[in-house]
Amino acid sequence: MTTIRIGSRGSQLALWQANHIAAQLRNAGHAVEIEVIRTTGDRMQQPGFVVPAGLDGKGVFTKEIEEALAAGRIDLAVHSYKDLPTAIDPRFTIAAVPPRADARDAFVCEPYWALHTLPYNGRIGTTSPRRRAQLLALRPDLQFVELRGNVDTRLAKLDKGECDALVLACAGLDRLERAESVHQRFDIEELTPAPGQGALALETRNPKHPLTGDIDAGRDAEIFAAVSKLDDWETRFCTDAERAFLAAMGGGCELPLGAHCLVESGRWRMFAQVLSPDGEQMVQVSTEASPSDQAETIGEWCAKHLKERGALELLAG
Ligand SMILES: NCc1[nH]cc(CCC(=O)O)c1CC(=O)O
């Protein structure tokens with residue numbers, strides 16, 4: 001078979017993830033190349049970047065990569081699943097969701113070993129509305145510093161004292177071998193991660209879609225088959241449930257909500273939280289489902305339950 005061309009963002013974490021997938025495809029006997037693609041989200045992290053009017057934050061890390069996939073310049077996009085909007089273009093498909101890394105959020109701070117020991121008015125470096133709201137719910141005295149950039153840039157800013165602590169995904173820190181910086185892994189029930197956090201989405205052209213134009217349909221079907229071998233059905237199920245919840249709440253990575261599904265004693269367990277942006281109000285749910293339940297049903301049930309308790313009013317601020 002021909003070479004599988006992977007498209008990836010240029011950040012250290014994105015390249016780690018692309019290389020991780022490339023190694024598995026090579027082990028299965030495929031030739032693989034990685035192409036680095038600059039996305040709007042990457043440009044946004046440059047100092048002085050002005051956010052264009054109308055940019056809603058959805059898909060800023062994935063848009064240019066999907067364009068390369070549509071044009072046939074790459075065959076496979078390796079995304080952090082939480083960066084991918086809930087609606088997938090029918091020209092593409094998620095061929096595989098590999099086994100998930102640690103989905104939890106990490107507290108990163110040299111002198112203080114846990115959030116509760118951070119001094120009054122401690123400054124947390126994060127731009128995530130979810131993390132802000134969740135942290136304020138735990139510690140209303142906290143201050144926030146707008147801190148952008150990839151994992152290493154943020155750790156360097158913490159070292160320089162631009163903030164007192166960071167909250168980052170454990171997955172990224174573990175993958176970049178910075179686990180020694182993690183001083184606390186927040187409980188899923190306390191600080192529920194973003195839908196899809198810690199998981200990868202391997203996106204290919206959809207071999208079933210008729211509008212593939214002049215791209216070789218036979219080759220696309222082979223690539224889909226090769227990539228789909230990397231799927232982990234349990235991770236796929238859990239992320240499907242989380243993304244169904246997100247879609248039912250209106251989608252978007254800028255919403256102060258978390259959702260996480262896992263397996264516990266052979267049953268599905270799902271946690272979801274919706275907060276007001278200031279963290280003063282929260283509705284949350286923890287539910288169990290039987291192995292025969294559908295992922296979408298579980299996610300949508302959580303959304304319905306939280307909407308009945310005023311979730312949409314909280315999101316509206
Ligand atoms: N929005 C940026 C982003 N996208 C994926 C990850 C981490 C890795 C993951 O969740 O898979 C991060 C950084 C972070 O939130 O700390």
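The shell around the ligand takes at least three residues from each of domain 1 (4–98 + 199–231) and domain 2 (105–185). The model is a predicted one.

**Ligand shell**

- Around the ligand stand Ser-80, Lys-82, Asp-83, Leu-168, Ala-169, Ala-171, Gly-172, Gln-197 and Gly-198.
- Strand 8 and helix 6 are the elements that supply two or more residues to this shell.
- Sorted by class, the shell consists of three nonpolar, four polar and two charged residues.

**Overall form of the chain**

- A compact globule of 317 residues would have a radius of gyration near 20 Å, and the value of 20 Å for the chain agrees with this.
- The C-alpha trace spans about 60 × 45 × 40 Å along its principal axes.
- Buried residues make up 43% of the 317 in the chain.
- Of the contacts between residues at least 6 apart in sequence, 72% link residues at least 24 apart.

**Domains 2 and 3**

- Seven residues of domain 2 and eleven residues of domain 3 take part in the contact.
- On the side of domain 2 that touches domain 3, five residues are nonpolar, one is polar and one is charged.

**Helix 5**

- Val-151, Arg-154 and Leu-158 are the buried residues named for helix 5, which runs over residues 151–159.
- These residues lie on the same side of helix 5, because they cover an arc of only 65° around the axis.
- In general, an α-helix has 3.6 residues a turn, so residues three or four places apart point the same way.
- Ala-156 and Asp-159, on the other side of helix 5, are exposed.
- The cover over the buried residues of helix 5 includes helix 1 (12–27), strand 5 (105–108), strand 6 (123–125), strand 8 (165–169) and helix 6 (170–175).
- Gly-161 follows helix 5 and has a positive phi, near 85°.

**Helix 4**

- Helix 4 (residues 129–138) is mostly covered, with eight of its ten residues buried.
- The buried residues of helix 4 are Arg-130, Arg-131, Arg-132, Ala-133, Gln-134, Leu-135, Leu-136 and Ala-137.

**Glu-242**

- Glu-242 belongs to helix 8 (residues 233–248).
- Glu-242 counts as buried because it has 32 C-beta neighbours inside 10 Å, where the cut-off is 20 or more.
- Apart from neighbours within four places in sequence, the contacts of Glu-242 are Pro-195, Gly-196, Ala-259, His-260, Cys-261 and Gly-299.
- Ala-272 is 30 residues from Glu-242 along the chain, and their C-alpha atoms are 8.5 Å apart.

**Val-283**

- Val-283 is found in strand 13 (residues 282–289).
- With 19 other C-beta atoms within 10 Å, Val-283 is partly exposed.
- When neighbours within four places in sequence are set aside, Val-283 is in contact with Val-274, Leu-306, Arg-309, Gly-310, Ala-311 and Leu-314.
- One of these contacts, Ala-311, lies 28 residues from Val-283 along the chain, with 6.6 Å between the C-alpha atoms.

- Most residues other than glycine have a negative phi.
- Asn-121 has a positive phi, near 65°, and is not a glycine.
- The loop between strand 5 and strand 6 holds Asn-121, which counts as exposed with 10 C-beta neighbours inside 10 Å.
- Glu-177, also a residue other than glycine, has a positive phi of about 55°.
- Glu-177 sits in the loop between helix 6 and strand 9 (182–185), and its 9 C-beta neighbours inside 10 Å make it count as exposed.

How values were computed:
Residues are numbered from 1 along each chain as its sequence is written. This is a predicted model: local features need pLDDT of at least 70, side-chain atom pairs count only at pLDDT 80 or more; totals for chains, interfaces and linings use all residues. A residue is buried if 20 or more other C-beta atoms lie within 10 Å of its own, exposed if 12 or fewer, and partly exposed in between; C-beta atoms are placed from the backbone. Helices (H or I, at least four residues) and strands (E, at least two) are DSSP runs, numbered from the N terminus. The arc is that of the directions from the helix axis to the C-beta atoms. Two residues are in contact if their C-beta atoms, placed from the backbone, lie within 7 Å. A residue is near a molecule or strand if its C-beta atom, placed from the backbone, lies within 6 Å of it. Ala, Val, Leu, Ile, Met, Phe, Trp, Tyr, Cys and Pro count as nonpolar, Asp, Glu, Lys and Arg as charged, and the others, Gly among them, as polar. Domain bounds come from an automatic or database domain assignment. The radius of gyration is taken over C-alpha atoms; the globule rule is 2.2 Å times the number of residues to the power 0.38.
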